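Here are some notes to read with the model open beside you. Take the points one by one and find each residue as you go.

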Amino acid sequence: MDNAKNEITQQETVQSASMLEKLFKLKAHGTSVKTELVAGLTTFITMAYIIFVNPNIMAASGMDAGAVFVATCIGAAIATLFMGLYANWPVGLAPGMGLNAFFAFTVVGEMGYSWEIALGAVFWSGVIFTAMSFWKIREWVLDAIPESLRFAMTAGVGLFLGLIGLKTAGIVVPSPATMVTLGDMTQPSAWLAAACFLVISILAYRKIFGAVLIGVIGVTLAGLLMGIVEYNGVFAMPPSIAPTFMKLDIMGALDVGMITIILSFLFVNMFDTAGTLMGVAERANLRNPDGSIEGLKKSLKADSASSVIGTFVGCPPVTSYVESAAGVAAGGRTGLTAVTIAILFLFSMFLAPLAGMIPAYATAGALLYVAFAMMSSLAKIEWDDYTEMAPAAITALMMPLTFSIANGIAMGFVSYAILKLATGQASKVSVGVYVLSVVFIAKFIYM
């Protein structure tokens, strides 16, 4: 009897392995089920911080933190599952850092739009991105935007995140005399946020995967021991997603004033996605002998469509995570890695009490780390050419100084077009830059 059971178990194992091989082409990619599962776990640990950080950020827009927590897990799981099954890529997706802050603090907080309309803007940016992914418009736009402005956008979002992190921690506070000044560094929130940032940075330098998650959880535990964090448990049934499910206002986002917001979501998401996917492809050896990247078009479609899907559950733009490189380094080569990540995101829904305990200062520490990592893009800008350098600097600086990613992008485009035109380099600028510059100038004048 036992022998019969063992034979049945072995047959089922062989059938499962065969199905996975057929679905993900493991042998062709030089990997195995075990390697892919370990790679998926590795990537998940490096990006799991988003399930704790995103609800804290989005709550600032008035959204229900519990519902956003569940939406983050579901949105990330659906997007990553789509990436794994459709594109067969070892990439994890989740709500994008920077764009979630822009959503909560600028579009809703500063500009006064409701979070429902802001979700509608994310929806339209995702629809445009998806449409572009099916035609060569995407390549045209990517080629049309100067590299210096692309790098500046990434760095500017980093500066924007950094300011929000410092503000959240109380390290930087408003000042009637100087606009901003140093906050009260004797407050626990300030130095615990700083400690969180330093712990994450040290662990990341030592290449300890899960550095951000370890830092956030570690500082939360410190707050718990100090009595400034209340213990609510670790596991529980997921909160209701009803407060955010299907609440986006698609028609409300079709407002002239939302054009630059939609374009900002689109550009940042598109360039971030393209850079991340191409970087992961290099590490995963997905480049073909002719120089093309295997499955790149499918991965871009999966990424862009995920932003649309995410809005229905209540997520800001969902995008590919550069942390996926950690899983690739652990041997991940196929979509089985992504499927593993997706399953772990679904299981994370039962960690709601733990997510509710994460204090704002722990979130701030994570924001600061991500911010400085994004600012490394500044090194790629051509600083010897003033007509490239100045617009890039304007783009990056105006994002935090105007508290708006949209304003930074608009001012960068306009200054780039004018400088090139006035210095006799008009032919070096694409038609797209001039068209967008006119749109942005009209926005400044009439909106």
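1. **Surface.** The chain exposes about 19,500 Å², and carbon and sulfur atoms supply 67% of that. Accessible areas here come from the Shrake-Rupley method with a 1.4 Å probe, and for residues only the protein chains shown count as cover.

2. **Ground rules.** This is a predicted model, where local features need pLDDT of at least 70, side-chain atom pairs count only at pLDDT 80 or more, and totals for chains, interfaces and linings use all residues. Residues are numbered from 1 along each chain as its sequence is written, and side-chain values use heavy atoms, with hydrogens and water left out.

3. **Overall build.** You'll find 19 helices and four strands in the chain. Helices (H or I, at least four residues) and strands (E, at least two) are DSSP runs, numbered from the N terminus. The C-alpha trace spans about 85 × 60 × 45 Å along its principal axes. A compact globule of 447 residues would have a radius of gyration near 22 Å, and the chain agrees, with 22 Å. That radius is taken over C-alpha atoms, and the globule rule is 2.2 Å times the number of residues to the power 0.38.

4. **Inside and contacts.** Of the 447 residues, 53% are buried. Buried means under 20% relative accessible area, exposed over 50%, and partly exposed in between (1.4 Å probe, protein chains only). Now take contacts (heavy atoms within 4.5 Å): among those between residues at least 6 apart in sequence, 81% join residues at least 24 apart.

5. **Helix α2.** This helix covers residues 33–47, and its 15 residues should span 21 Å at 1.5 Å a residue; the end C-alpha atoms are 21 Å apart, which agrees. The expected span is 1.5 Å times one less than the number of residues. Buried residues in α2 include Glu36, Gly40 and Phe44. What covers the buried residues of α2 includes α3 (50–59), β1 (93–95), α13 (324–329) and α14 (335–347).

6. **Helix α14.** Let's follow one of those covering elements. α14 has 13 residues and reaches 19 Å from its first C-alpha to its last, close to the 18 Å expected. Among its buried residues are Gly335, Leu336, Ile341 and Phe345.

7. **Cys196.** Not counting residues up to four places away in sequence, Cys196 touches Gly215, Val216, Val219, Ala362, Gly365 and Ala366. Val212 is 16 residues from Cys196 in sequence and 8.6 Å away in space, C-alpha to C-alpha.

8. Most residues other than glycine have a negative phi. Met179 is not a glycine, yet its phi is positive, about 75°. Met179 sits in strand β3 (residues 179–182) and counts as exposed because its relative accessibility is 70%. Lys207 also isn't a glycine, and its phi is positive, near 60°. You'll find Lys207 in the loop between α9 and α10 (211–226), exposed with a relative accessible area of 73%.

9. **Val429.** This residue lies in the loop between α18 (405–422) and α19 (431–446), and Val429 counts as buried because its relative accessibility is 9%. Leaving aside neighbours within four places in sequence, Val429 is in contact with Tyr416, Lys420 and Tyr434. Ala417 is 12 residues from Val429 in sequence and 7.2 Å away in space, C-alpha to C-alpha.
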